[in-house]
Amino acid sequence: MTTVYCTHLDAPVGRLLLTADADGALTSLSVPGQKGGRTVQDGWRPDPGPFRAAADQLAAYFAGELEEFRLPLRASGTGFRQRVWAALDEVPYGATATYGEIAARIGAPRAAVRAVGGAIGANPLLIVRPCHRVIGASGAMTGYAGGLERKIWLLTLEGALP
């Protein structure tokens, strides 16, 4: 059986649930009420040890002192999802990108925008893999698995919204 470590961290956006694999790579970050978010499972090992760097970096991020996370991440997903998630990592702090721009970055046709949106919605690493920076083509605050109020809060923290 694969070892899964977990811990909770209090944050301005709610109590975060973090999971990591046996190597200490972060495998998920969920927020309360998240669509598709993880919940603690039997057999998971509660242990804050593997999460010290993540806790420090998240605290600095929420304090406005960190713009880029430097953490080992390991999310499982299809090749397509992995490419979309890698494109999310390229959207800088304080900026936004549209679903169409993400599709273009991975070489997907315009018709793939809906599939790109699905992959973004399946991102298991909220905040550290910045899916909150993706907006609608019109600039609209479109869906966010963590809730639109959190998306707006995060974008405001980063200076992408007034």
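**Helix packing, pockets and loops in a predicted model**

Colleague: At roughly what angle do the axes of helix 2 and helix 4 cross?

Modeller: This is a predicted model, in which local features need pLDDT of at least 70 and side-chain atom pairs count only at pLDDT 80 or more, while totals for chains, interfaces and linings use all residues. Residues are numbered from 1 along each chain as its sequence is written, and side-chain values use heavy atoms, with hydrogens and water left out. The axes of helix 2 (residues 79-89) and helix 4 (residues 113-121) come within 9 Å, where axes are lines fitted to C-alpha atoms, for helices over the stretch in contact, with angles from 0 to 180 degrees between N-to-C directions, and helices are DSSP runs (H or I, at least four residues) and strands likewise (E, at least two), numbered from the N terminus. The crossing angle is roughly 75 degrees.

Colleague: Are helix 2 and helix 4 roughly parallel or roughly perpendicular to each other, and which residues of helix 4 make the contact?

Modeller: Angles under 35 degrees count as roughly parallel, over 145 as roughly antiparallel, 65 to 115 as roughly perpendicular and the rest as oblique, and helix 2 and helix 4 are therefore roughly perpendicular to each other. Contact means heavy atoms within 4.5 Å, and helix 2 contributes F80, R81, V84, W85 and L88. From helix 4 the contact is made by A115, V116, A119 and I120.

Colleague: How many charged residues does the contact of helix 2 with helix 4 have?

Modeller: Ala, Val, Leu, Ile, Met, Phe, Trp, Tyr, Cys and Pro count as nonpolar, Asp, Glu, Lys and Arg as charged, and the others, Gly among them, as polar. By these classes the contact of helix 2 with helix 4 has eight nonpolar residues and no polar ones, and the number of charged residues is one.

Colleague: Which residues of its lining lie nearest the centre of the largest pocket?

Modeller: A pocket is an open set of points on a 1 Å grid over the protein atoms alone, where a 1.4 Å probe fits, with protein on both sides within 12 Å along at least five of seven lines, and lining residues have an atom within 4 Å of a point. The largest pocket holds about 360 Å³ of space, and its lining divides into eight nonpolar, 11 polar and four charged residues. Strand 3 (26-30) and helix 4 each supply at least two residues of that lining. Of the 23 lining residues, those nearest the centre are Q34, K35, G121, A122 and N123.

Colleague: With which residues is L125 in contact, leaving aside its neighbours within four places in sequence?

Modeller: L125 lies in the loop between helix 4 and strand 6 (134-135). Buried means under 20% relative accessible area, exposed over 50% and partly exposed in between (1.4 Å probe, protein chains only), so L125, at 0% relative accessibility, counts as buried. With those neighbours left aside, its contacts are L26, T27, S28, L29, L73 and A75.

Colleague: What value is phi of I127 near?

Modeller: I127 is also found in the loop between helix 4 and strand 6, and I127 is buried, with a relative accessible area of 1%. Its phi is positive in a residue other than glycine, with a value near 70 degrees.

Colleague: Is E65 buried or exposed?

Modeller: E65 is found in the loop between helix 1 (residues 52-62) and helix 2. At 64% relative accessibility, E65 counts as exposed.

Definitions and conventions:
Points joined across faces, edges and corners; volume = space filled by probe spheres on them.
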